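Please look at the sequence and the model below, and keep both in view while you work through the questions that follow.

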Amino acid sequence: MPYFDYKTWIPRIVIGVLIAIFVILPVFTTSVITLSIFISSGIWTIAVMGFTLVLRTGQFSMGQAAFMALGAYASAILTVNLGMPFWPSFLLSGIISGIIALIIGLIVLRVGGIYFSIITLAFGELVRIFAQEAEGITRGVRGIIPPTPPTISLLGFDINFAAGNPVPYYYFMIILVAITAIIFWRIEHSRIGGTFASLALNQTLAEHQGIHLMKYRVIAFTIAGVFTGFAGAFYANFLSIITPFMFGLWQSIQIMMMSVVGGISSIVGGALIGATILYTLGIYLSRLPIYNIQYVVFGTVVVLVLLFLPKGTGLVDLWGKFWRKVFREPDEYEIPEESEMAVE
Amino acid sequence: MPPAEILIDGLVQSCIYITMAFGMVLVFSILGILNWTHGQFYMLGAFVVYYSITAAGIPFPLSLLISGIIIGALGMLVERFVIERLNAPGYGMMYVSVATLALIFFFEGAAGMAFGLMDKGLATVLPGVLNLGSFSVSYQKIAVIIFTLVVMIIMYVVLNRTKVGLAIRAAAQESVAASLYGISVKRVSLLVMGIGCALAAMAGAIMAPVYTINPFMGRIPMIFSLLAIIIGGLGSLTGAIVGGIILGFLNSVIAYYVSYLSEFVLFMLVIIILLVRPQGLFGAPIK
């Protein structure tokens, strides 16, 4: 009888069931509101995964939403102004956003740390201002209305991306998130993921081991740019409008918060949990009759999560903790009390 | 050459950025973090002065001090309960940044709930204009400039001539060594956060009669004072003054010629300065 370790398999089965529920969700409800919340959460999840990947190399970018804007505008301009069909332009949007991320990364990643954050912040604002002022290309604050994707005939079914029918968008989102998650999962658990972690942990040591800092930072930033671009293009097509204010500094900050609240110890899991919980919470609270309460609760929740989870881990670490509790296993690590010895 | 009113406006803007940048520089040099909530303390300071004048009838200079004290205490609370816990060893610097960014939403939402989202004006505090021949300056703007000069002088005296200032400078230079010599870095951090937030609040309070007051007024001054200390160099007070003056004048002068270009030019300038000289104009080189 082959060895069957229930302690690893039960959590996996639970995750599998959760994924299956999400995949067949449109069977239970085709409500536009519910599905829209999940579609938007999925889109933010992709952006958050990109952010977390950059964070894994020890840099935090405060202009991640700018790449969503680049992807969205690239796709919309290609279809509306240049008359390209939808699918090629969607693919090109991620590539264009990735190329811009590559160029920016090559120039900017020389300066690390907080300076990188400030430069990306300024870059994000530049993109927003450009989208606002270059009326000839982007129609300024009036925004571009991207055309709906064409109907696809597949196995006798017509997949119709008409407005008011969120189900095709939902499955498109599931496929996009799944592809991104698999790629980021592979990156995280491969040699290159280990290299990224070594950059974040000890930059000097990594450099002395013969790791080319710039090369790996630029790789992470470019991959993040590609997928964030896809997320932006999809978001614009889902909402069927792009304005310069959709992807500003505050959206970058939102991405950052989702990443940190979800937890950065797992790129895929943390992004999924953080984006879904924070986005759903924000939408739910904005429906309450008390005006402005969503900002207060949002800020409070983020601060409380940061304060009360051990040593700045996110919500995703509760998953492992939960199963260790269930199986009555000792915690993997004890937080040493010596580290409390702050400089008084 | 743009008209004198534009230059005066640039000077007033520079003054506000300088006052706010002082607080950010102090907090950065002691705690090693950027306090992203700084603009919200500016906004809260303006609200405190608005209500203490309209509701309680306290005269303007006194309400200025009151707003500084109240918001300074609030800043100390934030330092004690949020920043200090997240700035401990074992956390990355990012956690503090995200926490202060989250506090932006908290304070703006709370201010919106408590005071409403409507613009409020406080026009009759210092009425009248000073006529200077070809142009005139309102007394309110002169008050802003004088206030900033006073703040600069007080900061210089406190930092260079008192024991507290010596402790702050020592803690900024080498916190471990300072704590070996009996300086409580914890208390210095608390004090510095209080001073920084009080400065931001008073900047908001002195600007309240010039601009309108609403819960979102803190965002732009926060970004601009951040850019000012980046241009001047993180951790350098001289740099904060120079950066603030560059930003204030460039912003109003460029906006006078080509209105939409001003933000574009400023952000480009910041990117270029950071790429050419990442430590800023007056900062120490990065190790």
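A residue is buried if 20 or more other C-beta atoms lie within 10 Å of its own, exposed if 12 or fewer do, and partly exposed in between, with C-beta atoms placed from the backbone. The model is predicted, so local features need pLDDT of at least 70 and side-chain atom pairs count only at pLDDT 80 or more, while totals for chains, interfaces and linings use all residues. Residues are numbered from 1 along each chain as its sequence is written, and chains are lettered from A, with ligands numbered from 1, in the order in which they are written.

Q: How many helices and strands make up the secondary structure of chain A?
A: Both kinds of element are DSSP runs numbered from the N terminus, where helices are H or I with at least four residues and strands are E with at least two. Counted in this way, the secondary structure of chain A comes to 15 helices and two strands.

Q: What percentage of the residues in chain A is buried?
A: Chain A has 344 residues. Applying the limit of 20 or more C-beta neighbours within 10 Å, the buried share of chain A comes to 44%.

Q: Among contacts in chain A between residues at least 6 apart in sequence, what percentage joins residues at least 24 apart?
A: Two residues are in contact if their C-beta atoms, placed from the backbone, lie within 7 Å. When the contacts of chain A between residues at least 6 apart in sequence are taken together, the share that joins residues at least 24 apart is 76%.

Q: How many of the residues of helix 3 of chain A are buried?
A: Helix 3 of chain A has 25 residues and is largely enclosed by the rest of the structure. The reason lies in the count of its buried residues, which is 19.

Q: At what angle do helix 3 and helix 11 of chain A pack?
A: Axes are lines fitted to C-alpha atoms, for helices over the stretch in contact, and angles between N-to-C directions run from 0 to 180 degrees. Residues of helix 3 such as A:Ile39, A:Ile43 and A:Arg56 meet residues of helix 11 that include A:Ala220, A:Phe227 and A:Phe238. The axes of helix 3 and helix 11 of chain A are 8 Å apart, and their angle is about 165°.

Q: Which helices of chain A are included in what covers the buried residues of helix 8?
A: The buried residues of helix 8 of chain A are A:Pro166, A:Tyr169, A:Tyr170, A:Met173, A:Val177, A:Thr180 and A:Phe184. What covers these residues includes helix 2 (25-28), helix 3 (32-56), helix 11 (213-239) and helix 13 (267-286) of chain A.

Q: Is A:Ile175 buried or exposed?
A: A:Ile175 is found in helix 8 of chain A, and its C-alpha atom is separated by 9.7 Å from that of A:Val23, a residue 152 places away along the chain. Because A:Ile175 has 11 C-beta neighbours inside 10 Å, it counts as exposed.

Q: Which residues does A:Val108 touch, not counting residues up to four places away in sequence?
A: A:Val108 is found in helix 5 (residues 86-108) of chain A, and with 24 C-beta neighbours inside 10 Å it counts as buried. The C-alpha atoms of A:Val108 and A:Ile119, which are eleven residues apart along the chain, are separated by 7.4 Å. Leaving aside residues up to four places away in sequence, A:Val108 touches A:Phe116 and A:Ile119.

Q: How many other C-beta atoms lie within 10 Å of A:Ser240?
A: A:Ser240 is found in the loop between helix 11 and helix 12 of chain A, and its phi is near 50°, a positive value in a residue other than glycine. A:Ser240 is partly exposed, because the number of other C-beta atoms within 10 Å is 14.

Q: Which helices of chain A each supply at least two residues of the side that touches chain B?
A: Between the two chains, 35 residues of chain A are in contact with 40 residues of chain B. On the side of chain A that touches chain B, at least two residues each come from helix 6 (113-133), helix 12 (249-262) and helix 14 (293-308).

Q: How far apart are the axes of helix 6 of chain A and helix 11 of chain B?
A: Helix 6 of chain A packs against helix 11 (residues 261-276) of chain B at an angle of about 155°, which means that the two are roughly antiparallel. Among the residues that make the contact are A:Tyr115, A:Ile118 and A:Phe123 of helix 6 of chain A, together with B:Phe264, B:Phe267 and B:Leu274 of helix 11 of chain B. The distance between the axes of these two helices is 9 Å.

Note on methods. Angles under 35 degrees count as roughly parallel, over 145 as roughly antiparallel, 65 to 115 as roughly perpendicular and the rest as oblique.
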